Every structure is written in structure tokens, then in C-alpha cells.
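Please look over this structure.

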Amino acid sequence: MGTRIQIVSIVATVALFVIVFELVRRRRLQERYALLWLFAAVVLFGLAAWQGLLSKIASAVGIFYPPSALFVIAFGFILVLLLHFSVAVSRLSDQTKVLAQRLALTEKRLRDLEAGAEPEVREEERAPETVGRAPTP
């Protein structure tokens, strides 16, 4: 790898570090997601700073053309990133469903109160100290 491209790679990696830290500082990126990007930046910095590392990785994996190893590493990172985001989206989807159900129950109780009716409260929704007691008039 030429000296010029090595310098450009190191500068780009440092720029990625600075961008990730700035996004975390401005609360645009949560820390748990920033860890993935910081890990990627460390790997890129290692590959940029150590000239023979990519060749050693390529030969250890059995890849004859070292730049192809870079694509394999990038593909693996993208797979891990996609899996992580899929888990996060699934969790957020479940939380959204629960919140929508709670909102619907709250709106129904509010409509019942506005209509003058006694809101229906299921046994499992009562406070623990009132479960099993007879309702007071």
C-alpha cells in the first residue's frame, strides 16, 4: 500500500472516530450503537496503520488477493450490524404494540369517565393492595 493511500486511510478513520464521538455528544447516536461504529473504526485504523495486516488476514483465511479480504471483513461487519438493528427494531416494535394497547385502555377509561359510567377495571389491573377486596361504594 502506498504512503499516500495509507495517510488518507488513517485520516478517514480518525474522521470516523470524531464523527461518532460528536454524534454521541450531541445525543444523535446512542452509546450502544456507537460501540459498533467505534469497533469498525478500530478495525479500519488497524488495517490502515499496519501495512501487512490485510495480507496476513487474507493468507490466514485462504484468500489470495488481499483487497478481497477487505470486502469479506466489510461484509461480516454489515451482517453483524444488520442483525443488531433487527433485534433493536423487533424490541421497539413490541414496545410500540404494548404502548398502543395501554393508550387504548386509557382512552376507553377516559371516555367511560366522561360518560359518567364506572370504568371497567380488570382484576389484574388493580393495585396489589386492592386485589381480592370487595369494591367500596
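## Basis of the model

This is a predicted model, where local features need pLDDT of at least 70, side-chain atom pairs count only at pLDDT 80 or more, and totals for chains, interfaces and linings use all residues. Residues are numbered from 1 along each chain as its sequence is written, and side-chain values use heavy atoms, with hydrogens and water left out.

## Overall fold

The chain has four helices and zero strands. Its order from the N terminus is α-α-α-α. Helices here are DSSP runs of H or I with at least four residues, strands are runs of E with at least two, and both are numbered from the N terminus.

Of the 137 residues, 16% count as buried. Buried means under 20% relative accessible area, exposed means over 50%, and partly exposed lies in between, using a 1.4 Å probe and protein chains only. Take the contacts between residues at least 6 apart in sequence: 46% of them join residues at least 24 apart. A contact means heavy atoms within 4.5 Å.

## Helix 2 against helix 4

Helix 2 packs on helix 4 at about 175 degrees, and their axes are 11 Å apart. The pair is therefore roughly antiparallel. Angles under 35 degrees count as roughly parallel, over 145 as roughly antiparallel, 65 to 115 as roughly perpendicular, and the rest as oblique. Axes are lines fitted to C-alpha atoms, for helices over the stretch in contact, and angles run from 0 to 180 degrees between N-to-C directions.

Helix 2 brings R32, Y33, L36, W37, A40, V43 and L47 to the contact. Helix 4 answers with L70, I73, F77, V80, L81, H84, F85, A88 and R91. By class, this contact has 13 nonpolar, one polar and two charged residues. Nonpolar covers Ala, Val, Leu, Ile, Met, Phe, Trp, Tyr, Cys and Pro; charged covers Asp, Glu, Lys and Arg; the others, Gly among them, are polar.

## Helix 3 against helix 4

The axes of helix 3 and helix 4 come within 8 Å and cross at roughly 80 degrees. Helix 3 is therefore roughly perpendicular to helix 4. On the helix 3 side, L54, S55, I57 and A58 make the contact. They meet P66, P67, A69, L70 and I73 of helix 4. The class count is eight nonpolar, one polar and no charged residues.

## The largest pocket

The largest pocket holds about 520 Å³ of space. Its lining has 21 residues, and V43, L44, L47, L70 and I73 lie nearest the centre. Helix 1 (3-25), helix 2 (31-49) and helix 4 (66-115) each give two or more residues to this lining. The lining has 17 nonpolar, four polar and no charged residues.

On a 1 Å grid over the protein atoms alone, a pocket is an open set of points where a 1.4 Å probe fits, with protein on both sides within 12 Å along at least five of seven lines; lining residues have an atom within 4 Å of a point. Grid points are joined across faces, edges and corners, and the volume is the space filled by probe spheres set on the points.

R27 lies in the loop between helix 1 and helix 2. Its phi is near 65 degrees, a positive value in a residue other than glycine. R27 is exposed, at 70% relative accessible area. A48 lies in helix 2. A48 counts as buried, at 4% relative accessibility.

W50 sits in the loop between helix 2 and helix 3. W50 is partly exposed, at 45% relative accessibility. Its C-alpha lies 9.1 Å from that of Q6, 44 residues away along the chain. Y65 is in the loop between helix 3 (53-61) and helix 4. Y65 counts as exposed, at 55% relative accessibility. Y65 and L54 are 11 residues apart in sequence and 9.7 Å apart C-alpha to C-alpha.
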